[in-house]
Amino acid sequence: SRVDDAPVTHLDLGKAAYSVLAEAIDKLRPADDEPADPPPREWYPYLILHNAYVEDVPNRDIMTRLYISEGTFNRTRRAALRAVTRALEEMESALQ
């Protein structure tokens, strides 16, 4: 539904997928204003995915900013990706 009815290229599909993914990641954002460094834990899932997939920040830089280990980073990212998957499923079911 994010693409026009005109002939669609692979670039159009990629842009639409990026837009939907960014919207799903934004659903993880806590309601508060973004805190100063270091952010509280409830911000970690949003910040990890937003920085990695929207802002293209390297994982090592994200871990350094959040003061977390690689293991904590990976566990938090996996949980955040599951949350984004659920958000995408809800977005899709809302269209039907």
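I started at Tyr67, which counts as exposed at 65% relative accessibility (buried is under 20% relative accessible area, exposed over 50%, partly exposed in between, with a 1.4 Å probe and protein chains only). I then looked up its backbone: Tyr67 has a positive phi of about 55° although it is not a glycine. Its place is in the loop between α3 and α4.

Ground rules, for my own use. The model is predicted, so I take local features only at pLDDT of at least 70 and side-chain atom pairs only at pLDDT 80 or more, while totals for chains, interfaces and linings use all residues. Residues are numbered from 1 along each chain as its sequence is written, and side-chain values use heavy atoms, with hydrogens and water left out.

**Overall layout**

I counted four helices and zero strands, running α-α-α-α from the N terminus. These elements are DSSP runs numbered from the N terminus: helices are H or I with at least four residues, strands are E with at least two. Along the principal axes, the C-alpha atoms fill a box of roughly 45 × 25 × 25 Å. Of the 96 residues, 28% count as buried.

For contacts I used heavy atoms within 4.5 Å. Among those with a separation of 6 or more, 51% join residues 24 or more positions apart.

The buried residues in α4 are Thr72, Phe73, Thr76, Ala80, Ala83, Val84, Ala87 and Met91. Their cover includes α1 (10-26), α2 (44-54) and α3 (59-66).

A reminder on spacing: an α-helix has 3.6 residues a turn, so residues three or four places apart point the same way.

The same check on α1 agrees too: 17 residues should span 24 Å, and the end C-alpha atoms are 24 Å apart. Ala16, Ala22, Ala24 and Ile25 are its buried residues, with α2 and α4 among what covers them.

**Asn51 and Asp56**

Asn51 lies in helix α2 and is buried, at a relative accessible area of 8%. Leaving aside neighbours within four places in sequence, I find Asn51 in contact with Asp56, Val57, Ile62 and Arg65.

Asp56 sits in the loop between α2 and α3. It counts as exposed at 65% relative accessibility. Asp56 also has a positive phi, about 60°, although it is not a glycine.

**Aromatic rings**

I let rings of Phe, Tyr and Trp (its six-membered ring) pair if their centres lie within 6.5 Å; planes under 30 degrees apart are stacked, over 60 edge-to-face, the rest tilted. That gives one aromatic pair. Trp43 and Tyr46 form it, edge-to-face, at 5.9 Å centre to centre and 75° between the planes. Both Trp43 and Tyr46 are buried.

Terms used
The expected span of a helix is 1.5 Å times one less than its number of residues.
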